[in-house]
Number of protein chains: 4
Amino acid sequence: MTEHIGVALFGAGRIGKIHAGNLARHPHTQLRYVVDVHRPAAEALAAEHGAIVVGIDEALADPGVAAVVIGSSTDTHADLILRAAAAGKAIFCEKPVDLDVTRARACAEAVRQAGVTCMIGFQRRFDPTFAALKQRLDAGEIGTPEVLIVTSRDPGPPAAAYIAHSGGVFKDMLIHDFDIFRWILGGEAVSVHATGGCPNMPEVAAAGDISHAAVTLRTRDGALCQINTSRRAAYGYDQRFEVLGSKGLLQAGNVRPTEVVAWSGDAISSDKPEAFFLERYCAAYSLEIEHFFDALVNGTPVRTTIEDGIKALELAEVATRSWREGKAMECAI
Amino acid sequence: MTEHIGVALFGAGRIGKIHAGNLARHPHTQLRYVVDVHRPAAEALAAEHGAIVVGIDEALADPGVAAVVIGSSTDTHADLILRAAAAGKAIFCEKPVDLDVTRARACAEAVRQAGVTCMIGFQRRFDPTFAALKQRLDAGEIGTPEVLIVTSRDPGPPAAAYIAHSGGVFKDMLIHDFDIFRWILGGEAVSVHATGGCPNMPEVAAAGDISHAAVTLRTRDGALCQINTSRRAAYGYDQRFEVLGSKGLLQAGNVRPTEVVAWSGDAISSDKPEAFFLERYCAAYSLEIEHFFDALVNGTPVRTTIEDGIKALELAEVATRSWREGKAMECAI
Amino acid sequence: MTEHIGVALFGAGRIGKIHAGNLARHPHTQLRYVVDVHRPAAEALAAEHGAIVVGIDEALADPGVAAVVIGSSTDTHADLILRAAAAGKAIFCEKPVDLDVTRARACAEAVRQAGVTCMIGFQRRFDPTFAALKQRLDAGEIGTPEVLIVTSRDPGPPAAAYIAHSGGVFKDMLIHDFDIFRWILGGEAVSVHATGGCPNMPEVAAAGDISHAAVTLRTRDGALCQINTSRRAAYGYDQRFEVLGSKGLLQAGNVRPTEVVAWSGDAISSDKPEAFFLERYCAAYSLEIEHFFDALVNGTPVRTTIEDGIKALELAEVATRSWREGKAMECAI
Amino acid sequence: MTEHIGVALFGAGRIGKIHAGNLARHPHTQLRYVVDVHRPAAEALAAEHGAIVVGIDEALADPGVAAVVIGSSTDTHADLILRAAAAGKAIFCEKPVDLDVTRARACAEAVRQAGVTCMIGFQRRFDPTFAALKQRLDAGEIGTPEVLIVTSRDPGPPAAAYIAHSGGVFKDMLIHDFDIFRWILGGEAVSVHATGGCPNMPEVAAAGDISHAAVTLRTRDGALCQINTSRRAAYGYDQRFEVLGSKGLLQAGNVRPTEVVAWSGDAISSDKPEAFFLERYCAAYSLEIEHFFDALVNGTPVRTTIEDGIKALELAEVATRSWREGKAMECAI
């Protein structure tokens, strides 16, 4: 167990850099290869961490590579999962598995057949605040969970070009919230209703998507979940949820950069939430990579499997249909 | 203007007593009559305020009575409104106008024809916190409202017998929240989706109702509203809402009995919210009565009309159907 | 017990009006007389409450007057206490008893000899937040109290003319905080150190006083208290304290007008504290009058006696000397 | 500038490990030597970071060592500073310089003569919350600072043996708060008053020290500062301060492990503060080391000099005398 796990990293962009930094801190990993179609980015990241820039084939052919970390663009995920599974590598892949559910299921099947570990990067489950809430919920602090309210707002929209190829707000943004729904309520949805619109954001409407969504889910056990999302919150990145249980309520609040409070002639003011996901989930990104490699080292299962990735994707698909058709959908996911 | 407005109060129960106390503080009113089928309650309340116990006819026949305050049981509202309107009295009536929309509309018509003032007791609009939020919203502090999230939970359920005749959770509880929706977003609903269940409250299911509800509304302007309600919150009466606007967010939080904060070996703790509506909306009940009589004295319009009462009732009816039929309802209320 | 207690009110100014309003709400009192050197003010207040304007002698000569409420200027307190005591009336008097300790002690002696009830208006003890903290402290929630930190800041200074005759910041402002010290720690001071200055307030220095003070007290039991005061807080009236005990901490925070929270591009903001003492201690003024007359009705002792008034005044005097002489003072108050 | 700065670390205990970890993250440092009288600790830490265990002389003799980090016990600080200065090394040293002011001044003189950089580890200045407050204060957000209130409480006392040799609470604990006083108010003290006791902590009294202290300082400009400290807070490590300025107030609050809030039948509860200094100032320890080596790399001055260390120590000494003699001390530090 004292040997290092050789790692190939796919994607040298924003998230790839974060994974590389966190890999460097893990005592039992060694980043061997960085793969990116944008060669200069790959070179820079590789140089920083003493790794080598290669192509996909070369990276997967090295028997010293036991694990891959996939942080490249969404349209490359499925192909890389299939090839890594075929090569017998353990896989860490960013969400979503694929925008197409059928294709994502094929990945899950391939992973199963290859018998490799595959973890999907639902990093929010590793956020210290969210994880502490989950632990207290599981410990019975508020009895049985009955209602989950999720607020999930981005500080501002991505470029219109991105939105057009994002798979839509349900697959692009809410997939995380659907995972939170499954994780916190611990049950699958029997009905989904989604609606939304583009108040004050005509550019999103022009891209065929919605900027604001309201989703309601019901579990087999009768628990309810309401999710509200928007592509813009003037005050920053808003990531909160609360669970009403039979014996109380647990809230997971935003994280602030500092604890300074100012009292002026106008109001009493504290910091806005962290700016965006890289800041808000900084600890979570570190903890999920730690979890993945700890699981490999110890031979224990990972907490967010490719099946979790499929389930969240299916909910996103049902929600998309509910919104398009303007009706609640029964489902047995 | 220095003369006193003679008032007849119908209902000497819990809410009647509150109205009587607030009437006593108004400089231009005089409580003349208390009417209640439960004679001892009427006697006690009348004695406390120097009023006389009479029957409905006698109270309405006195030309010195310019206004009636109706705080009796729901099934008496419509009849009293019709008779008071016919007698030319100004009317303050608790919500709902009636559980039957058709009957409620007939009341509105009678009020219109009689040309009398009729105010419905949506006291939440007078709550200092809610009213301040509305004022700041109207002043443009957060731009255009886009999303409204309403949390509205009772500390515990009423008796099963009450639930069976309550008209259902949408007419009994959410009617207030539907009024908040119309008041805050300033627009009517074009679609309504409601769902719910009875997690851990089989006695409510046995009464043919639901204890937990999740409602989604959309306005003509594309604004979204999600309401979550439950008949039980272990920690007390939970009355909050928040509005996301194009330029920011406004939240209206709960009110606590005191500002004591305790730091122990376990946690940092502050007071739970006020116990229930009489405590939480104590100031609001006072302010709504003040508003009603000020309007009478000054000849100005009241803020929560019988039309507002009808609209909220219609939303409750549509929501009930949405829940029963399991589908989103288009509506043009 | 059903008869009404006849009351004479001295002082028809700001505080006199508040007492008159609260008297009106008490079920067993009747305001008979209003006495004020400023006749129009007395007339207006008397008219509002159905009372009569008379002189001091006439008010005290009426055997139907069982109690007096003294809210006139400080320099009249001692004389009125002495005359009311001689007339056998129960006395409610605003703080301070007198600016001169010797004279105040003479009042206490007169009250004792006359055997009348005398309550000093330390209304803060009746503030719901402060009273709840005290109750929890007495219940042992945080063990033995060890350290008390009091923050007591006015929104802005009174007129320079007032300051010159106020008796100085320690007798004028901190007398309330000295009472809080005695009440919360439940022990007398064995040492007092006071210092201060006039940062940015030269007009206070010109009046021979200080605008900012820092006082440290130690009790016989070794508990410590730090009080910080200023004549100006740009954000409003700041009235907080916290008690460290052997098992935890209890904080009494400010009260806000509403629970609205605004999230903007700059910060997350809540209301400033209530503007000044009339708003902040609104409930306390009502509750102290209720307590006084309840005590008279029930023949029970009052909670803030003239001895409490003397003790707080003595501390103010020692603190003044400590500040003037620049050294800590031992004392055995 | 791309070469690495060779570093020798003195002390392989709790704080030494933290410095070693932070050194490892700095892009321009190389930990060469670990020195500790406890050999196994030195060996373990050296092994983890690829360093070598040597003696003091050997470490200082290596011309490849440009800087030393001193995290050994207090009684070794002065000697190591003198020797490192003589060897021309840049010095980072934990507070205090020495318990004896004369000896500490000799160190400062030696550092001055040697012309080496010497930074004292007042890590609190690097805490993100404290640093943000300071920046906003300097930007004029609340006008001129007038009053500083510092609350600084440890979760529990160290061993009695430690207390006996700690130099007393003023040099051991409050030295940090004296530095905060100088840093925030930006002026030196002209008077100091200190008092205290040992409520419920007889073991501290037995060691000749006090467990609870209350200190008041005044600056030449008339600004006031009150510090309250205790060796025990049942709820954890309490590190807060607030500054009243002519235009408002800035507060620096505690940091909580998570943002979970629980609403139960008893109260609304959030996390206690971080457990102790290693958790609370985790980021600060990292940032101070970063600052020190950045300063060396860039040839810029450090923010907390040995002169700052001397000044804080002098205040601790005056405070100790004030407490012992029971009187306020004038000083011209």
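Across the interface of chain A and chain B, 18 residue pairs are found in polar contact, both residues of each pair being at pLDDT 80 or more. That confidence condition matters here, since the structure is a predicted model. On the side of chain A that touches chain B, at least two residues each come from strand 7 (145-153), strand 8 (189-197), strand 9 (212-219), strand 10 (224-230), strand 11 (238-245) and strand 12 (248-252). Of the strands of chain A, strand 9 gives the most to this side, with 6 residues. Sorted by class, the side of chain A that touches chain B holds 13 nonpolar, 15 polar and 8 charged residues.

Charged groups also meet across this interface, where the count between chain A and chain B is 6 salt bridges. A salt bridge can be followed in the structure from A:Arg240 to B:Glu242, whose closest N and O atoms lie 3.0 Å apart. In total, 36 residues from chain A and 37 residues from chain B take part in the contact, and the two chains bury about 2900 Å² between them, with 56% of that area on carbon and sulfur atoms.

Chain A also touches chain C, and this contact takes 16 residues from each of the two chains. Here chain C and chain A bury about 1200 Å² between them, 62% of it on carbon and sulfur atoms. Within chain C, the residues that lose the most area to chain A are C:Trp263, C:Ile268 and C:Lys272, which together account for 44% of what that side buries. Between chain C and chain A the count of salt bridges is 0, while 5 residue pairs are in polar contact, again with both residues at pLDDT 80 or more.

The side of chain C that touches chain A draws at least two residues from each of strand 11 (238-245) and strand 14 (268-270) of chain C, and strand 14 gives the most, with 3 residues. By class, the residues of this side divide into 6 nonpolar, 5 polar and 5 charged.

Elsewhere in chain A, an unreviewed UniProt entry lists residues 6-122 as "domain: Gfo/Idh/MocA-like oxidoreductase N-terminal". This span is 48% helix and 23% strand, and its end C-alpha atoms lie 23 Å apart.

Definitions and conventions
Residues are numbered from 1 along each chain as its sequence is written. Chains are lettered from A and ligands numbered from 1 in the order in which they are written. This is a predicted model: local features need pLDDT of at least 70, side-chain atom pairs count only at pLDDT 80 or more; totals for chains, interfaces and linings use all residues. Side-chain values use heavy atoms; hydrogens and water are left out. Contact means heavy atoms within 4.5 Å. Buried area is the accessible area (1.4 Å probe) that two parts lose on being put together, summed over both. A salt bridge is a side-chain nitrogen of Lys or Arg within 4 Å of a carboxyl oxygen of Asp or Glu. A polar contact is a pair of N or O atoms within 3.5 Å; within protein, one must be able to donate a hydrogen and the other to accept it, and residues adjacent in sequence count only if both atoms are side-chain atoms. Helices (H or I, at least four residues) and strands (E, at least two) are DSSP runs, numbered from the N terminus. Ala, Val, Leu, Ile, Met, Phe, Trp, Tyr, Cys and Pro count as nonpolar, Asp, Glu, Lys and Arg as charged, and the others, Gly among them, as polar. UniProt positions are given in the numbering used here, feature names are shortened, and annotations may be inferred rather than shown by experiment.
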